[in-house]
Amino acid sequence: MKKWMGSQKSGQIRVVLFLLLVIGCPYFITMRISGKVDRGTVSFLEKEKREDYRVLLSEGGEQKTLPLEEYILGVIPAYLSGEEIEADKAMAVLVRTYLYDQMVKKKTTILLAEELFLTYLSAEERKILWEGDFTENYQRVQKAVSDTAEEVLVIGEGEEKQVVYPYFHTLSAGCTRGREDASYLKEAVCKEDKTADGFLSLLVFQKEETLDKLAVLGYRQTEADFSEIRCEYGKEPYIERVILGDWSASAEDFQKTFGLRSTAFEIEAYRDGIRILTRGCGLGYGASLHMIQEFAVQGKSYQEILAVFFSAEVGNFQISE
């Protein structure tokens with residue numbers, strides 16, 4: 001009975017993670033959706049002690065502060081399902097970079113978990129998730145974090161050194177894309193993403209539902225010829241704008257309003273409404289988490305994996321005591 005109950009709880013956690021990482025991935029997994037990336041120099045952090053870097057969170061009904069590295073231990077298994085340590089190392093660097101970026105921007109060494117775009121699994125949740133393999137999985141992730149201690153993605157040198165914003169997403173639409181305000185992002189081919197589970201998603205919207213959602217986006221007509229909807233591409237297959245007559249909306253606003261998993265989509269009139277086919281999960285910036293695991297299986301080191309998606313350097317960040 002206990003074994004069955006543990007399995008049931010594990011399944012529940014996996015369902016929750018699926019909802020967070022797949023259904024909600026456009027908003028939670030692509031780390032920053034829009035706006036200028038304001039990168040700060042690391043000089044602020046260099047004045048602080050590493051043991052002061054902490055995250056304040058609620059766990060088991062109590063508020064507690066965790067050392068940054070311990071917090072990272074609980075974030076990695078929320079995003080990666082494989083057992084490749086090089087993938088875990090790559091994820092450790094991405095998460096640490098994000099946390100450093102937030103400390104620099106907020107001028108603090110204590111971050112509030114509720115303000116972070118990250119999912120954290122408590123020790124109890126990890127025990128349920130890993131079931132009988134807890135010790136093995138915990139030791140692997142712990143080693144990944146310790147082996148990459150203080151390593152973050154940076155650009156520049158000396159006083160001009162900056163921590164980058166480490167974009168990542170669940171699953172690309174077959175390639176990643178760059179941003180004008182993030183020159184360190186590479187456009188990487190991710191062919192294995194195209195064969196991953198959940199790569200394609202099809203949604204159908206009836207006429208009234210479509211008009212209601214378009215109205216939220218500023219469309220003022222009470223009728224529409226949905227066969228006239230067209231998409232304006234940026235880097236294919238990602239959409240920049242959706243256009244209908246004199247009205248248009250950004251692809252990201254359209255994606256949010258219609259609850260799409262990606263900005264790589266196609267729209268067509270269907271019956272009296274529309275249907276939308278999406279590819280991938282997320283906005284396509286930075287690292288594809290699926291490809292991180294694929295590259296690790298192929299034998300790439302975590303440095304090689306990160307170099308596929310970022311021109312930034314994996315640097316050992318030394319804190320001045």
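A residue is called buried here if its relative accessible area is under 20%, exposed if over 50%, and partly exposed in between (1.4 Å probe, protein chains only). The model is predicted: local features need pLDDT of at least 70, side-chain atom pairs count only at pLDDT 80 or more, and totals for chains, interfaces and linings use all residues. Residues are numbered from 1 along each chain as its sequence is written, and side-chain values use heavy atoms, with hydrogens and water left out. Helices (H or I, at least four residues) and strands (E, at least two) are DSSP runs, numbered from the N terminus.

**Aromatic rings**

A pair of aromatic rings is described by the distance of the centres and the angle of the planes. Rings of Phe, Tyr and Trp (its six-membered ring) pair if their centres lie within 6.5 Å; planes under 30 degrees apart count as stacked, over 60 as edge-to-face and the rest as tilted. The structure holds 13 such pairs. In one of them, Tyr71 and Tyr120 are stacked, because the ring centres are 5.1 Å apart and the planes stand at 5°. Tyr71 belongs to helix 4 (residues 68-79) and Tyr120 to the loop between strand 3 (110-112) and helix 6 (123-130), so this pair ties together parts 49 residues apart in sequence. Tyr71 is buried at 0% relative accessibility, and Tyr120 is buried at 17%.

Phe134 and Tyr138 are also stacked, with centres 5.6 Å apart and planes at 25°. Both lie in helix 7 (residues 134-147), 4 residues apart, about one turn of the helix. Tyr138 is partly exposed, at 26% relative accessible area.

Ring pairs also link Tyr98, Tyr165, Tyr167 and Tyr285 into a cluster. A charge sits over a ring if NZ of Lys or CZ of Arg is within 6 Å of the ring centre and within 35 degrees of the ring normal.

| Charged residue | Ring | Distance from ring centre |
|---|---|---|
| Arg179 | Tyr285 | 4.8 Å |
| Lys300 | Phe295 | 5.5 Å |

In helix 9 (residues 251-258), the buried residues are Ala251, Glu252, Phe254, Gln255 and Phe258. They share one side of helix 9, because they cover an arc of only 160° around the axis, taken from the directions from the helix axis to the C-beta atoms. Gly259 follows helix 9 and has a positive phi, near 70°.

Most residues other than glycine have a negative phi, and most peptide bonds are trans. Lys107 has a positive phi, near 55°, and is exposed at 57% relative accessible area. Glu131, in the loop between helix 6 and helix 7, has a phi near 45°. The peptide bond from Glu236 to Pro237 is cis, with omega near 10°.
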